[in-house]
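Let's take a friendly walk through a protein and look at how its charged side chains pair up. Have the structure open as you read.

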Amino acid sequence: MILAMLTGCSKEVTSVLSASEQFKVAKQLYDKGKYYKAQLEFEKLIYTYPGNTVIDTAQYYLGMSYYNQKEYGVAIGEFNRLITSYPQSEFIDDAQYQIGMCHYKMSPKYQLDQSETYKAMDAFQTLIVNYPLSEYVSDARCMVRELEDKLAKKKFMTGRLYMKMGDYGPALLYFKYVRDNFPTSDWAVYAFYYSGEALEHLKKYDEALETYNNFLQGFSDHKLADKAKKKIKDIEKKIGNSES
């Protein structure tokens with residue numbers, strides 16, 4: 001009987017924290033960079049106090065805890081849960097921006113499959129359209145431009161590869177795609193010039209000459225401008241010889 005009493009007295013009594021106290025514990029861990037431990041504490045809060053006013057904030061930081069552990073796929077799920085379950089949350093635009101950043105982090109080098117790049121662009125564009133007053137809009141626009149540049153580079157380099165293989169028709173199509181779909185990208189300027197080279201190889205001299213001249217009109221200071229001038233002289237010489 002005495003042993004039982006002593007054993008009972010030796011048991012540690014665990015207290016249940018309130019929602020605000022639990023959030024404080026989790027946030028302190030997060031602020032210290034202890035993201036795995038913070039993740040566990042935010043999850044405990046969310047499951048213990050569903051519907052509490054602090055839950056949407058906890059949901060956001062749960063997503064950020066995964067993000068900072070580079071578990072981007074899981075983080076996307078948590079941010080989407082915030083957007084779906086708490087559409088009135090003040091963290092709604094933050095979550096949308098972070099979805100874009102997760103896809104951005106998973107976006108590979110331009111040579112590889114660009115599915116994540118497109119998903120990142122969609123996420124950032126959703127932010128721009130749905131939350132135009134968000135503080136993240138400016139950054140989202142910059143991210144879209146950067147991602148567009150990567151896509152433009154991929155298409156341009158594919159065109160260059162066709163050029164090296166002597167397959168000038170497909171090369172011309174890729175250069176046209178870059179110019180039509182990414183007109184503000186630097187790669188569109190390169191595609192403009194190399195369209196002339198592709199046309200020249202296809203012996204479409206009149207079109208090549210027009211392309212080089214138009215290139216010089218728009219980009220007279222570009223590093224390929226001197227090369228374009230030389231190309232014009234060469235083509236004019238070819239045309240002159242063929243007419244004589």
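A salt bridge here means a side-chain nitrogen of Lys or Arg within 4 Å of a carboxyl oxygen of Asp or Glu. The idea behind it is simple: side chains of opposite charge can pair when their charged atoms come close. The model you are looking at is predicted, and it holds 10 salt bridges. Let's visit some of them.

Start at helix α2, which covers residues 19-31. Here the side chains of K27 and D31 form a salt bridge, with N and O 2.9 Å apart. The two residues sit four residues apart in this helix, which is about one turn. D31 is exposed, because its relative accessible area of 53% is over the 50% cut-off.

Now move along to helix α7, residues 115-130. E116 and K119 are three residues apart there, so about one helical turn separates them. They form a salt bridge whose closest N and O atoms are 4.0 Å apart.

Our last stop is a bridge between two helices. The side chains of E200 and K238 meet at 3.6 Å, N to O. This pair links distant parts of the chain: E200 lies in helix α10 (residues 186-201) and K238 in helix α12 (residues 225-243), 38 residues apart. E200 is buried at 10% relative accessibility, whereas K238 is partly exposed at 38%. Salt bridges also link E200, K231 and K238 in a network.

Terms used. Residues numbered from 1 in each chain as written. Predicted model: local features only at pLDDT ≥ 70, side-chain atom pairs only at ≥ 80, totals over all residues. Heavy atoms only, no water. Buried < 20%, exposed > 50% of the residue type's maximum accessible area, 1.4 Å probe, protein only.
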